[in-house]
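Here's a quick tour of a protein model, meant for reading with the viewer open. Have a look at the sequence and the fold first, then come back to the notes below.

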Amino acid sequence: MNHICGRSQTQLTLDDDFIVPDSKPDILKRIADCGEVIIEGMKAGDGRALVNGKMQFSLLYQADKTGGAPDCMEGSIDFGETVGMDGLSAGDTLKCTAKLEDLSISLINGRKISVSAIVSLELYGENTYMSSAAVDIESGDICCLKKNIGMLSLVENKRDILRVREQCELSANKPNAGNILWSVPELRNVETKAAADELIVRGEIHLFAMYFPEDDDETIQHVEETLPFTGKLPLAGADERMVADVLVVPAQKQVAVKPDYDGEPRILEAELVLDLDIKLYEEQNISLMTDVYSVNSRLIPVTDEAGYDNLLVRNHVRCRAGDKMKLNSSKDKILQIISSTATVNVDNISIVEDGLMVEGAARVSILYISDNDEDRLGSLIREVPFSQKIDAVGIDTDSFYSVRTDVEQLITTMLGGDELEIKMNIGIDTLILSPGTTQVITDITEEALDYAVFKKLPGICGYIVKSGDTLWDVAKKYYTTVEKIMDTNKLASENIMPGLKLLITR
């Protein structure tokens with residue numbers, strides 16, 4: 001089983017200035033930008049965690065040159081942070097979820113930009129442990145009391161990578177592709193499932209790309225496609241009955257132009273390297289000894305409290321969200337929306353009555369073509385709030401939960417005039433574990449039976465069942481067995497009610 005040994009949250013403020021590369025034209029104005037956080041390394045220490053990574057950004061801008069054709073530049077800001085975490089020890093496994101809270105790119109001059117970002121890190125440490133518990137004893141004259149419990153056992157806890165490569169061919173009305181100007185590959189509808197000795201990852205790559213035609217550096221073409229994919233990762237010991245809890249984060253994204261069968265540059269290939277944080281659980285129903293005695297000797301069990309996890313909820317919920325917005329009438333009119341992308345940020349998860357309340361906002365970025373011939377490309381950003389209750393009867397403050405979100409569907413349309421509508425489906429994948437404890441036997445000491453006490457007991461007697469009595473308690477008290485009491489009193493089951501009269505023979 002695994003045990004959470006520490007949690008911590010922190011925010012980083014990153015800022016730096018960047019010079020436009022010599023091969024790029026001057027910047028006239030910003031059109032759009034995007035960014036993501038990549039964790040490159042983590043290390044657990046005594047009471048602290050060390051995390052390093054980078055924030056990558058891309059800037060699409062209108063060039064300050066004749067014709068005003070757009071261009072783009074990329075960059076990254078490295079970071080290293082030491083975060084205090086009580087309960088963490090060197091050697092523990094460290095997990096980190098990074099989120100880009102805010103990204104701001106401003107123009108200093110035509111050859112220089114200022115980039116600032118707010119990155120939030122959520123960390124927790126865990127260690128894997130085993131608990132010993134007796135399940136049986138091989139002796140004919142010993143009586144055992146057993147308890148059946150359902151528990152979730154941790155089978156695998158590891159990190160791995162999966163490379164996904166998918167292609168799409170340009171439609172017949174599109175010219176051959178030259179240089180790619182701007183590309184945004186997004187993961188959507190991600191689903192993970194355990195199978196025989198492997199992990200199956202399914203999903204979609206929502207690909208948007210802008211490119212210059214092969215023989216034209218002025219006219220911009222754009223492509224938007226949805227590319228389904230299925231990836232398989234070897235995972236020894238896995239089977240379809242196991243529960244997979246997998247965090248999938250794109251670590252690298254690349255879009256390239258490839259030749260088709262005729263050698264023409266008409267294939268767009270999206271390649272993603274997915275960082276997988278894998279937990280694989282197996283539901284088990286085991287029988288543990290909780291008490292023991294013998295009619296021929298005195299047994300003293302050594303007991304302990306053992307903790308375990310029950311699977312409370314494992315489900316996938318689709319949350320609908322949307323918004324309508326009025327456009328600024330003083331700005332250029334939108335002629336066509338050519339791309340819309342979104343990232344989901346969860347702001348708060350709280351335990352409510354019989355469930356979890358998940359609240360957050362989706363940051364929707366819209367790229368469009370305006371009616372201004374000198375300033376054709378433009379963008380706008382809208383925050384779309386959402387909230388969703390996840391039903392979980394029996395959840396409490398001690399429960400452990402894991403919540404993953406992704407964009408399943410996103411549609412942006414012009415309603416006419418100056419009004420725009422956003423509709424989206426947000427997938428929420430939830431795993432909730434409920435902790436439990438039970439008394440277990442770890443050892444038994446055997447002593448000779450005190451026959452003086454034994455002889456004082458009557459050979460045969462009557463007993464009136466009291467509230468809270470069980471046949472086990474009665475049999476243990478009078479040095480007999482449950483089976484013998486049931487046979488003597490012709491009982492059909494071990495359930496006894498207060499007031500019942502029993503005949504006990506030693």
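Which residues have the most contacts inside the largest nonpolar core?

## The nonpolar core

They're Met55, Ile113, Val115, Leu121 and Leu123, in a core of 33 residues. A nonpolar core here is a set of buried Ala, Val, Leu, Ile, Met, Phe, Trp, Tyr and Cys residues joined through side-chain atoms within 4.5 Å. Buried means under 20% relative accessible area, exposed means over 50%, and partly exposed is in between (1.4 Å probe, protein chains only).

The elements giving two or more residues to this core are β1 (2-19), β2 (27-45), β3 (48-63), β4 (70-84), β5 (93-109) and β6 (112-128). The largest share, 7 residues, comes from β3. Strands are DSSP runs (E, at least two residues), numbered from the N terminus. As for Leu123, not counting residues up to four places away in sequence, its contacts (heavy atoms within 4.5 Å) include Val51, Val83, Leu94 and Cys96.

## Where the numbers come from

Keep in mind that this is a predicted model: local features need pLDDT of at least 70 and side-chain atom pairs count only at pLDDT 80 or more, while totals for chains, interfaces and linings use all residues. Residues are numbered from 1 along each chain as its sequence is written, and side-chain values use heavy atoms, with hydrogens and water left out.

## A three-stranded sheet

Now for an open sheet: 3 strands, antiparallel, in the order β14-β15-β16. Two strands pair if DSSP finds at least two bridges between them. β14 and β16 (377-391) are the edge strands; each has a single partner, so one side of each has no neighbour in the sheet. On average, neighbouring strands are turned by 15 degrees against each other, direction ignored; the axes are lines fitted to C-alpha atoms, with angles running from 0 to 180 degrees between N-to-C directions.

β15 (residues 355-370) pairs with β16 over 15 bridges, and Ile369 has Leu377 in β16 as its bridge partner. Over in β14 (residues 334-352) you'll find Ser339, which counts as buried because its relative accessibility is 7%. Leaving aside neighbours within four places in sequence, Ser339 touches Phe208, Glu224, Ser365, Ile366 and Leu367.

## Two positive phi values

Most residues other than glycine have a negative phi. Asp354, in the loop between β14 and β15, has a positive phi near 55 degrees, and it's partly exposed at 36% relative accessible area.

Asn189 has a positive phi too, about 50 degrees. Asn189 sits in strand β8 (residues 177-195) and is partly exposed, at 26%.

Terms used
Helices (H or I, at least four residues) and strands (E, at least two) are DSSP runs, numbered from the N terminus.
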